Amino acid sequence: MLTIDSDTARRFILGKQGLWPGRRWRGLDGTAQAMQAVEFLQLDPLQIIARSQDIMLHSRVLDYTPGLWEEVTYGQRRFFDWGGWLAVRPMDELPHWRVVMHRERDDGPDCDSRIHTMGLEHAEAIEEMRTILRERGTVSNRDFKTAVRKRTQNYRGRKDSSLALYYLWRIGEVMTHHRENFERVYALTEMVAPAALICESSEAEANRFLIQKEVSFAGLSRLQRTQDAFHRGAPLSKKQQIYQTLLADGDLIEVKVEGWRAMHCMLARDAQLLHDLSAGRVPEAWAPLDTTSTEEAIFLAPLDPVSARGRAKTLFGFDYIWEVYKPVDKRQFGYYTLPVLWGDRLVARFDSKLDRTTNTFVILGFWLEEAALGEDEAFAQALARGFARFVSFLGAAQIDVAAVETPLLRQRVSDHLVLK
C-alpha cells in the first residue's frame, strides 16, 4: 500500500488525464494520443458553445479544432463509439468490448434487461434492418419515415426501426460508420472494424481488462459501481473477486490518501508517476509543449471526468453541478457553466454563450471561489490567455466580457484579445 497527500493525489489524477501541468499533445495525432490517455471520451450532443467532447479535448490538445475526434474515430478508424453510457474507445480494445456486447444479447445475470427485451419486442424490425444494411451498406434513423413505421414509446427512439438499429449497435452486429450532425450512420461491423479485431477475448481476460481500464480512467479509484459505470467495467457480481486477483497479481496497488476516508487503488504500472510527484518532480512524459496551467488557465468541459458527477468536491473542494437539465429557477450559476483550472486548482467558473449572429463569445456570468483572485495579476494574465485560446477554438470574432465584474480581470481579458 502507498500513502500520499491530497495534493499529490490531485496532481496525479489531473496529470493522468492530461490536464496538468499543461497541454502535452498537439493537432490530429495529439488528439488520438489524448483520447487514448483519457480512456473514455464521453460524447454529448448538446452544442451551446461547443460540444462537451470538443471542449474536453481543447483543454488537453494544442491546435485542437472542433471535430478532430471524429476524424481519428470515423476517418482513421482508430476508435469506435459504443454504449448506453456513450463514449469513444480505442479500436484495438474491441475484442474486450465484444464480450460486453455479447452479454447485452444474452438473457443472463450480467445483461441489460432493457436491451434484451428490446430484442424480443422488435425481432421483426431487427431482421428487416439486417437485410437493409446488407443491401445498402450504411443506414441512419432518418432513412425511415416515422409515418410508415411502427411507433414506440422508448427514450431510445420513437419508431421500431430506430430501436432495431440501436439494438444491433448495442449487441455489436453494427457499428457507427460516421456521424451526420451528430446522428449515427450505421454499418455492419465488418465494414467498420478490422477483421482481426472482430473476435471476443475470454471472459476472464475481458473482465481483468475492464477493471483496469476503469481504474486508469479514474487515476485513483474506489471502483464504486453506479448506473453510469455499468458499461465501463466488469459485472458487478464479479468485481470484488477480480479486484482481489489483480491486487494479488501485482497489477493494482492500494493507495491511502491523507484526508480521504476510503481506500483507493491505482494501476501498478503508474507507481513511478506517483513516486515522482511525491518527490516534487513532474514526470518527464508530462512535460507541456507550451504554457503551463499556471501560465494559462484551462476551462473544463461539463463532463470532464476530473470534475463531473461530484468529483470536483473531492479533488478540489469545489461544488460543481452541470445545471443544464435543471429548471431555470433552480440554477445557482447558469445553463452551461464551466470550471476554471489554474495550476492544479479549480478557482472559478463561468457561464457563456456563442452569439452566432454576431460571432461573439459572450460571458454571461463569472464567479471566483476566492475574491482575492480578482486582484491577482498572475491569475488575470493566465485567465486572459485562456480566454484568448478559447475564443480562437470556438472560431469567434470577439468576446463580450461585460459580465465579468472584477475590473482587473475584465481589463486583462479585453487587452489580450486586442493584442492577439
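Start by selecting Trp69, Leu220, Phe350, Phe361, Phe366, Phe387 and Phe390: these have the most contacts inside the largest nonpolar core, which has 121 residues. Such a core is a set of buried Ala, Val, Leu, Ile, Met, Phe, Trp, Tyr and Cys residues joined through side-chain atoms within 4.5 Å; buried means under 20% relative accessible area with a 1.4 Å probe, protein chains only. Helices are DSSP runs of H or I, at least four residues, and strands are runs of E, at least two, numbered from the N terminus.

This is a predicted model, where local features need pLDDT of at least 70 and side-chain atom pairs count only at pLDDT 80 or more, while totals for chains, interfaces and linings use all residues. Residues are numbered from 1 along each chain as its sequence is written, and side-chain values use heavy atoms, with hydrogens and water left out.

Next, centre on Phe390. Leaving aside neighbours within four places in sequence, Phe390 is in contact (heavy atoms within 4.5 Å) with Ile49, Ile55, His58, Phe299, Leu338, Phe350 and Phe361.

Then move to helix α7, residues 123–136. Its buried residues are Ala125, Ile126, Met129, Arg130, Ile132 and Leu133. Last, click glycine 137, which follows α7 and has a positive phi, near 95°.

How values were computed: Expected span 1.5 Å × (residues − 1). Buried < 20%, exposed > 50% of the residue type's maximum accessible area, 1.4 Å probe, protein only.
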